[in-house]
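Biologist: I'd like to learn how to read a helix crossing and a nonpolar core. Can we walk through an example together?

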Amino acid sequence: MPFDRQSEQKGYLAVIDIGSNSVRLVVFSGRTRVPSPVFNEKLMCGLGADVGRTGKMGADAIEMALSTLRRFKSLCEQMQVREIRIVATAAVRDAKNGDKFVSRVKQETGFDIQVIDGEEEGRLSALGVLSGQPDARGLVGDLGGGSLELARVCDGQVTNTLSLPLGPLRLISKFGDKHRHIRRYLQDQFRSIDWLSKTNGENLYMVGGSWRNIAKLMMREKSNPLPILHGYACRRGELVNYCKRLSHLDPSNIPFGGSLPQKRLQVMPVAAIILQELLSVIQAKNGVLSSYGLREGLIFDTLAADERREDPFLYSCRVLADERCRFAEHADVIYHWTRPLFKPSAQRSPKRQQMHMAICLLGDIAWRGHPDFRAEKAVESILHGNFVGITHTERAYIAVALNQAYGAPIDAPHIAHILTFLKINDIIEARMMGAALRLAQRLSGGTVSGLMVSRLRVTKTKLWLGVPSSYRDIANEVVDKRLAQLAQLMGRTSSIEFPSDLDETSVG
């Protein structure tokens with residue numbers, strides 16, 4: 001059984017999240033900086049649907065949840081999952097029959113449920129956001145069916161947390177379809193939070209299925225050229241107007257709503273009202289979607305400090321390079337070899353350094369593909385890869401560089417549609433990095449020696465490639481042609497030189 005042998009090697013870790021709307025199982029590859037989900041399943045049980053009205057979870061919802069948990073137990077046993085974390089949030093902690101439910105789950109499945117309080121839920125959700133977006137600054141809002149968890153994030157730290165009984169199921173149970181009353185109630189609740197003003201003008205990081213689906217619908221209506229949810233950012237004004245429109249629609253009449261479960265659609269108008277009011281009260285700069293939240297926060301919280309400091313995007317790039325690239329170990333050499341090409345401002349920017357290193361790591365990712373489609377394969381890998389810690393604009397930048405590295409034209413259909421994410425200077429710079437990578441690969445032939453002894457030098461009008469005279473034979477017409485292509489992107493002419501100081505270095 002290959003699946004079982006793999007699970008033994010990787011040490012699968014499962015998180016079961018019992019929420020007000022859904023019960024979900026995610027099996028992760030292991031306890032790593034960027035845990036890869038190998039299995040993900042949820043069922044919309046609606047445990048919190050009646051809590052606001054009756055104070056209890058409904059009998060049918062409980063039976064559905066128990067059936068789901070029995071299935072999850074069986075699946076985890078078959079996958080030989082080594083560790084299972086089971087957490088319950090608002091519905092179970094607030095319901096009068098919550099303790100009875102926990103006891104029954106223990107009796108029927110053996111699962112020990114950890115019922116976490118609202119502030120801890122907010123902290124873990126915020127940690128999940130930080131694990132996927134380390135530079136996040138502003139307010140994290142995690143909307144579940146029964147509650148809204150808020151947390152402030154700044155400089156990699158969670159500084160405030162709060163849980164409010166403001167989930168869509170809870171509000172619908174309390175106010176029905178009286179949206180005006182819901183708005184007033186939300187406004188009063190938000191005004192009473194004294195620290196909320198500290199996040200004014202910063203981003204709102206949106207966590208939870210309802211807000212994720214709002215972003216998904218918005219992207220469908222805009223025909224977004226890069227339909228990746230994590231990291232999707234939208235200006236406050238545009239998002240507020242879209243939420244206002246959704247709040248007035250009947251759930252059955254929401255555009256593209258047919259792609260969503262009926263239970264999600266029913267809460268969509270109220271979820272949109274909550275998002276609109278929260279965006280407005282903090283005057284958020286952007287709404288930014290995070291696909292990471294509570295489950296990822298649980299894992300991130302257990303990592304050692306040095307692991308938590310690792311950049312999640314570069315971590316994933318290195319893992320991918322080790323799996324798919326021939327010369328992953330050369331990435332650092334290529335990175336330093338290309339540094340003379342770029343202005344000091346680019347050299348000092350941590351984000352630019354990150355993207356350039358990623359390009360060096362992923363530059364050989366499509367080598368197994370058919371030569372006619374390697375550029376397309378490389379571009380697809382970065383545009384649609386399951387990465388975190390990177391924005392849509394940064395994906396586009398790296399895609400342009402990889403497209404250039406494989407020698408494809410910039411107006412090719414697989415790349416042209418995402419150029420609108422970038423300014424012209426960024427497109428040129430990304431192409432420069434790709435052309436430099438293409439030159440490095442041709443010069444070195446897949447070895448590091450040619451790069452270790454050569455250097456690039458930029459003057460006002462010229463791009464020079466310096467090669468020791470003892471390596472003269474590697475700098476032929478093919479290398480000269482690729483050097484000229486790079487120089488053209490820089491607005492310079494090109495030349496190969498054989499300086500004596502490089503001969504001394506190579507001999508020494």
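Biologist: Which handedness does the crossing of H17 and H19 have?

Modeller: Right-handed. Keep in mind that we're looking at a predicted model. The residues on the H17 side of the contact are Lys351, Arg352, Gln354, Met355, His356, Ala358, Ile359 and Leu362, and H19 answers with Glu394, Tyr397, Ile398, Ala401 and Leu402.

Biologist: And what is that contact like by class?

Modeller: It has 8 nonpolar, 2 polar and 3 charged residues.

Biologist: At what angle do the axes of H17 and H19 cross?

Modeller: Roughly 40°, with the axes coming within 10 Å. H17 spans residues 350-362 and H19 spans 392-405. Angles under 35 degrees would count as roughly parallel, so at this angle H17 is oblique to H19.

Biologist: Now the cores. What's the general idea?

Modeller: In soluble globular proteins, nonpolar side chains tend to be buried together. Here, the largest nonpolar core has 67 residues. Leu341, Ile382, Ile398, Val400, Leu465 and Leu486 have the most contacts inside it.

Biologist: Which elements give two or more residues to this core?

Modeller: Helices H14, H15, H17, H18, H19, H21 and H23, plus strand S13. H21 provides the largest share, 10 residues.

Biologist: What is isoleucine 382 in contact with, leaving aside its neighbours within four places in sequence?

Modeller: Phe313, Leu362, Phe387, Ile390, Arg395, Ile398, Ala399 and Leu402. Leu362 is also on the H17 side of the helix contact, while Ile398 and Leu402 are on the H19 side.

Biologist: How many residues are in the second, separate core?

Modeller: That one has 45, including Cys243, Ala271, Leu275 and Leu278.

Technical notes:
Residues numbered from 1 in each chain as written. Predicted model: local features only at pLDDT ≥ 70, side-chain atom pairs only at ≥ 80, totals over all residues. Heavy atoms only, no water. Axes fitted to C-alpha atoms, helices over the stretch in contact; angles between N-to-C directions. Helix = DSSP H or I, 4+ residues; strand = E, 2+ residues; numbered from the N terminus. Parallel < 35°, antiparallel > 145°, perpendicular 65-115°, else oblique. Left-handed = near helix turned anticlockwise from the far one by under 90°. Contact = heavy atoms within 4.5 Å. Nonpolar A, V, L, I, M, F, W, Y, C, P; charged D, E, K, R; others polar. Core = buried A, V, L, I, M, F, W, Y, C linked by side-chain atoms within 4.5 Å. Buried < 20%, exposed > 50% of the residue type's maximum accessible area, 1.4 Å probe, protein only.
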